[in-house]
Amino acid sequence: MSEANDKVPAGTPAGTPPAAASRPEAIKAIPVRHYGRWISAILVLAVLGLLVNAFANANVNYGAIPDFLFDSTVLKGLRNTVVITVVSMALGLGLGIVLAVMRLSKNPVTSSVAWGYIWFFRGTPVYVQLLIWFNLALIFPVINLGFYKDEMNQFMTPFMAALLGLGLNEAAYMSEIVRAGIQSVDEGQTEASHALGMTQGQNLRRVVLPQAMRVIVPPTGNEFINMLKTSSLAAQAAQYAELLRSTTDIGNTTGATVEMLFLAAVWYLVLTSVFSVGQYYLERRYARGTTRNLPPTPWQRIKQNLGTFRRPEVAR
Amino acid sequence: MTDFSKGTGAHPMVKAEAVHKHFGLAHILKGIDLEVAPREVFCLIGPSGSGKSTFLRCINHLEKISGGRLSVDGELVGYRQKGDKLYELKDREVAAKRRDIGMVFQRFNLFPHMTAIENVIEAPVRVKKEAKAVARERALALLDRVGLRDKAGHYPAQLSGGQQQRVAIARALAMEPKLMLFDEPTSALDPELVGDVLDVMRGLAEDGMTMIVVTHEMGFAREVGDALVFMDDGVVVETGHPRDVLTDPQHDRTKAFLSKVL
């Protein structure tokens with residue numbers, strides 16, 4: 001259409017190698033200048049530079065961070081953070097599925113109870129909930145579950161308080177995620193499984209939940225990463241010796257308060273990054289059957305490209 | 001060839017007496033009376049909204065009827081009779097009765113997270129507690145019957161509509177039903193894929209399967225059908241042999257409908 005296109009025809013100018021004859025000549029045009037992009041890039045870099053400069057000249061002893069990165073107290077806190085996150089999420093997911101099924105049931109009592117649970121645990125700060133669990137001995141000095149009886153102080157350890165506070169709160173959020181997942185599955189699936197003679201339970205376990213997982217996994221990964229960080233509230237509220245608590249303890253004894261907070265931040269970033277990778281593979285697994293061909297994983301892509309020495313295909 | 005004729009033979013396979021169905025205020029079925037004999041291919045035609053799909057879904061209790069009596073092979077659907085009292089069946093009992101009734105849906109409704117063969121063995125393994133190896137053997141034979149043995153490992157998303165529907169038929173057959181319900185099985189298919197599905201259904205009819213088919217395929221009804229019912233607005237307007245009804249309809253409403261679809 002433009003002049004550039006008119007140059008394409010076979011009658012190429014003399015001196016052009018014959019190979020180029022089959023291929024149209026590249027368009028030579030003066031590109032649009034994006035001055036705005038240049039200006040905004042410079043502005044952003046300038047602000048970034050100022051920030052780096054400020055932190056570089058701040059009164060921070062950066063050398064202390066690597067010194068304590070693999071300190072045994074820090075590693076123990078790190079382990080506790082992972083443990084409390086995993087068990088709280090497990091409790092939240094299990095109870096969340098139960099609550100979601102209750103909420104969707106035709107029984108008005110079970111569905112209202114589930115609604116009330118979600119209303120309460122979502123409506124109060126998790127910090128308050130942690131404090132209540134940790135201080136439960138003040139109102140119930142003795143715990144008596146019929147089969148189990150003990151002093152509440154013996155039962156409500158920091159770990160127990162953190163688990164109940166974080167896990168029961170998480171269940172409220174997870175149940176809404178699970179409910180959304182269950183409702184996202186086409187009703188025809190339930191009809192088909194019922195027509196085959198499957199019971200409600202079989203339908204839920206074999207047909208609905210596996211399909212709901214595709215909708216459930218991404219926000220659950222989000223919740224998991226949230227939980228890694230929210231577990232730091234248990235340091236103060238439940239006196240649980242997790243990552244933040246061990247780093248602040250070191251900070252208090254060595255005087256490197258902010259340095260140790262930076263150290264905690266580094267470890268939290270490492271944890272969330274590792275779990276993000278896990279989430280990617282989990283999502284891939286539950287995508288089975290929804291796409292004709294699963295895209296290769298980054299690792300497979302690297303291997304493939306190493307094998308052929310080809311440039312990677314441009315991502316769609 | 002497999003002989004699919006099952007059931008006691010002492011009763012009509014399906015018997016409906018004054019069956020009514022309400023959805024809220026809407027009156028969908030207004031007193032349906034009909035009988036389907038064993039080994040019969042029974043076609044239901046009619047305009048959309050006439051209640052034919054609803055009636056089909058009542059037969060395996062996906063919908064609850066609001067009045068009348070409906071029985072399959074001599075047993076009431078969804079109820080047990082003791083003396084002159086009716087007792088509603090528990091979910092488990094309803095599920096058990098559905099094992100004997102296969103259903104094929106307009107939108108296939110294959111389980112997308114399972115491969116074709118996993119779809120077929122799911123119900124025999126979970127519901128009938130059949131051994132996996134035995135179920136696999138039978139599933140492969142069934143997939144072979146519908147011409148898809150080589151697609152056993154494919155997920156539904158990797159199959160065409162016609163192939164998906166044939167897997168769905170194999171899945172229903174895997175429960176060895178005495179009655180097959182087809183709810184517009186070819187309506188969601190591209191025209192060139194319809195033939196393969198109809199061929200499979202024709203084969204089933206030849207092997208003596210009792211089939212109730214809600215369809216818009218008048219050619220299939222004429223060739224394969226033993227009985228045909230025209231429904232409109234929740235009532236049975238005309239019943240007869242497909243050849244008679246399709247070529248020489250007696251009622252004006254049937255004539256008006258056929259003039260539009262033939």
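Helices here are DSSP runs of H or I with at least four residues, strands are runs of E with at least two, and both are numbered from the N terminus.

## Basis

This is a predicted model: local features need pLDDT of at least 70, side-chain atom pairs count only at pLDDT 80 or more, and totals for chains, interfaces and linings use all residues. Residues are numbered from 1 along each chain as its sequence is written, and side-chain values use heavy atoms, without hydrogens or water.

Helix H2 of chain A covers residues 35-57 and includes Leu45(A). Leu45(A) is exposed, at 58% relative accessible area (exposed is over 50%, buried under 20%, partly exposed in between; 1.4 Å probe, protein chains only).

An unreviewed UniProt entry lists residues 38-62 of chain A among its "transmembrane region" segments; such annotations may be inferred rather than shown by experiment. Residues 38-62 are 80% helix and 0% strand, with end C-alpha atoms 34 Å apart.

## Loop at Gly255(A)

Gly255(A) sits in the loop between helix H12 (243-254) and helix H13 (257-286) of chain A. Gly255(A) is exposed, at 56% relative accessibility. Asp67(A) is 188 residues away from Gly255(A) in sequence, but 14 Å away in space, C-alpha to C-alpha.

## Chain A with chain B

Contact (heavy atoms within 4.5 Å) involves 21 residues from chain A and 28 residues from chain B. In chain B, Phe111(B), His113(B) and Ala157(B) lose the most area to chain A.

There are 2 salt bridges between the chains (a side-chain nitrogen of Lys or Arg within 4 Å of a carboxyl oxygen of Asp or Glu). Arg206(A) forms a salt bridge with Glu122(B), with the closest N and O atoms 2.7 Å apart.

Methods. Chains lettered and ligands numbered in written order. Buried area = accessible area lost by both parts, 1.4 Å probe.
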